[in-house]
Structure formats: structure tokens, C-alpha cells
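User: I would like to learn how to read a fold from its coordinates, one feature at a time. Could you take me through this model, giving the general idea and then the case at hand?

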Amino acid sequence: GEIIEEFEAYPLYREFVTFHLNRTSEDPYSDTVTSIQAVKYMKNKMVDSLFIPIEPKDPLLKRYSIPLNQAVGRFLRYAGDLPIIIYNQPFTHTYLNIKLDKEVHISFIDAMKMGKDLYGITNKPLEHIQKYLRLYNLGNDPVAGAKVIGAIYLDYIYTVSKYRTRQARIMARKGQKMTAQPLPEKAPETIRLTSSDKESEVSAPV
């Protein structure tokens with residue numbers, strides 16, 4: 001990727017988890033989510049993954065499917081205190097609010113905005129980014145979406161790091177100094193799913 005215009009700066013984490021609601025449509029008001037996908041990254045490398053069927057098309061997976069609220073709770077336990085990277089905040093926020101019938105407060109980074117900064121691609125489904133990046137080998141991977149999100153974020157980390165290094169060299173030639181910012185390991189914020197009357201049992205730090 002490359003910085004093609006003025007870009008919005010996001011935290012650069014070396015340890016994070018990606019979260020994807022695999023779906024058949026970008027309409028958050030219909031029953032479109034078939035599974036929850038997640039991939040955990042440590043030192044910017046994939047180390048683990050999580051796949052939870054919700055409404056799978058494959059009949060062999062139906063015996064393993066669980067309700068969405070249980071699946072989200074399982075993901076939060078899996079994510080622990082790692083920052084969460086997703087794609088398409090409006091869909092995720094709206095879908096969880098409607099289907100869980102709760103006011104959902106999620107702290108995360110939206111990789112869709114990074115796609116605009118890096119590739120000039122705006123408001124396209126994740127599959128469009130996958131084709132753009134030529135990640136053809138993810139065809140039947142059950143956590144393909146979560147891996148594509150990870151690829152976008154890693155690309156963002158690499159591109160912004162190169163950009164900052166280049167800017168530092170320019171400033172150095174002018175006799176100025178630029179303080180390098182270390183990559184933080186964890187985010188201090190929290191995720192909570194709350195209802196109108198009481199806080200949900202599904203709560204975990206991010």
C-alpha cells in the first residue's frame with residue numbers, strides 16, 4: 001500500500017485480534033451472518049484462530065452452531081485484553097445491536113477506512129479487498145475474512161512506519177528531529193454489551 005492522500009492515524013499494535021462477521025449480504029437488518037471469525041496476532045504474526053458457526057450453510061457444521069450472544073461471549077474471552085480490528089464498523093455495530101437487542105459499545109479499529117487510505121477503495125465488501133490483494137489461496141479457509149482484515153492492518157502498519165521513517169529523514173536533513181512512537185502492545189479500553197435495564201454478562205477488556 002501507499003499513502004495516497006492525507007490519512008487518519010490509527011494506533012499501531014504489534015499484538016491484536018481481528019474480528020469478522022462472515023455474511024452473505026451487507027444488509028445488517030437481515031439474517032445474513034453465517035459465522036464469527038477471528039485471528040490472533042502476536043508480534044505481527046498469526047498465532048491462533050477462532051471459527052464459530054452461527055447459521056452455517058454446510059449441514060455438517062450445524063451441530064456445532066451456537067446462538068449469536070454465546071458466540072460473541074466466546075469471542076470476547078478469546079480476545080482477552082487485545083485490541084480488536086474489524087472491517088465495516090456500521091454493519092458490525094448495527095447488526096449486533098439489532099440481533100442481540102442490546103445497546104452495544106465496542107472499542108475497535110475499522111480497517112475499512114485504512115483500505116481507503118492505502119488502496120483508494122471506499123465502501124466495498126471485504127471480498128473486494130481480498131481480490132485486490134490477490135489473496136486467492138484463502139478460497140476455502142474458514143477464517144479467510146479475519147485474515148484479510150489482518151492483512152490490511154499489517155499493510156497499514158508497514159506503510160505508515162515507512163512513511164514516518166521517510167518523514168524523519170526529511171526532517172533530519174532540515175536539522176529537525178522527529179520522535180519515533182513505539183508500537184503499543186495493548187489497548188486500555190473495554191468492550192461492553194449493555195441492555196437498557198442492566199449490563200450484560202458479556203463484558204471483557206480490549
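This is a predicted model: local features need pLDDT of at least 70, side-chain atom pairs count only at pLDDT 80 or more; totals for chains, interfaces and linings use all residues.

User: How many helices and strands does the chain have?

Analyst: Helices (H or I, at least four residues) and strands (E, at least two) are DSSP runs, numbered from the N terminus. Here the chain has five helices and eight strands, and along the sequence they follow the pattern β-β-β-α-β-α-β-β-α-α-α-β-β.

User: In which sense do strand 2 and strand 3 pair?

Analyst: Two strands pair if DSSP finds at least two bridges between them. Strand 2 pairs with strand 3 (residues 45-53) in the antiparallel sense over eight bridges, and the two form a hairpin with two residues between them, where Lys43 in the turn has a positive phi of about 55 degrees. Strand 1 (residues 16-23) also pairs with strand 2 in the antiparallel sense over eight bridges, with Phe19 bridged to Ala38 of strand 2.

User: What is the strand order of the open sheet of five strands?

Analyst: The order is 3-2-1-4-6, with mixed pairing. Strand 3 and strand 6 (109-110) stand at the edges with a single partner strand each, so one side of each has no neighbour in the sheet. Strand 4 and strand 6 run parallel and are joined by two bridges, with Ile109 of strand 6 as the bridge partner of Ile85.

User: How many residues of strand 2 are buried?

Analyst: Buried means under 20% relative accessible area, exposed over 50%, and partly exposed in between (1.4 Å probe, protein chains only). In strand 2 (residues 33-42), nine of the ten residues are buried, so the strand is largely enclosed by the rest of the structure, whereas buried residues make up 42% of the 206 residues in the chain.

User: At what angle do the axes of helix 1 and helix 2 cross?

Analyst: Axes are lines fitted to C-alpha atoms, for helices over the stretch in contact, and angles run from 0 to 180 degrees between N-to-C directions. The axes of helix 1 (residues 68-79) and helix 2 (residues 89-100) come within 10 Å and cross at roughly 130 degrees. The two helices are therefore oblique to each other, given that angles under 35 degrees count as roughly parallel, over 145 as roughly antiparallel, 65 to 115 as roughly perpendicular and the rest as oblique. Their contact (heavy atoms within 4.5 Å) is made by Leu68, Asn69 and Val72 of helix 1 and by Tyr95, Leu96, Lys99 and Leu100 of helix 2.

User: Which strands does helix 2 lie across?

Analyst: Helix 2 lies across strand 1, strand 2, strand 4 and strand 6, and runs at about 70 degrees to strand 1.

Terms used
Residues are numbered from 1 along each chain as its sequence is written. Side-chain values use heavy atoms; hydrogens and water are left out.
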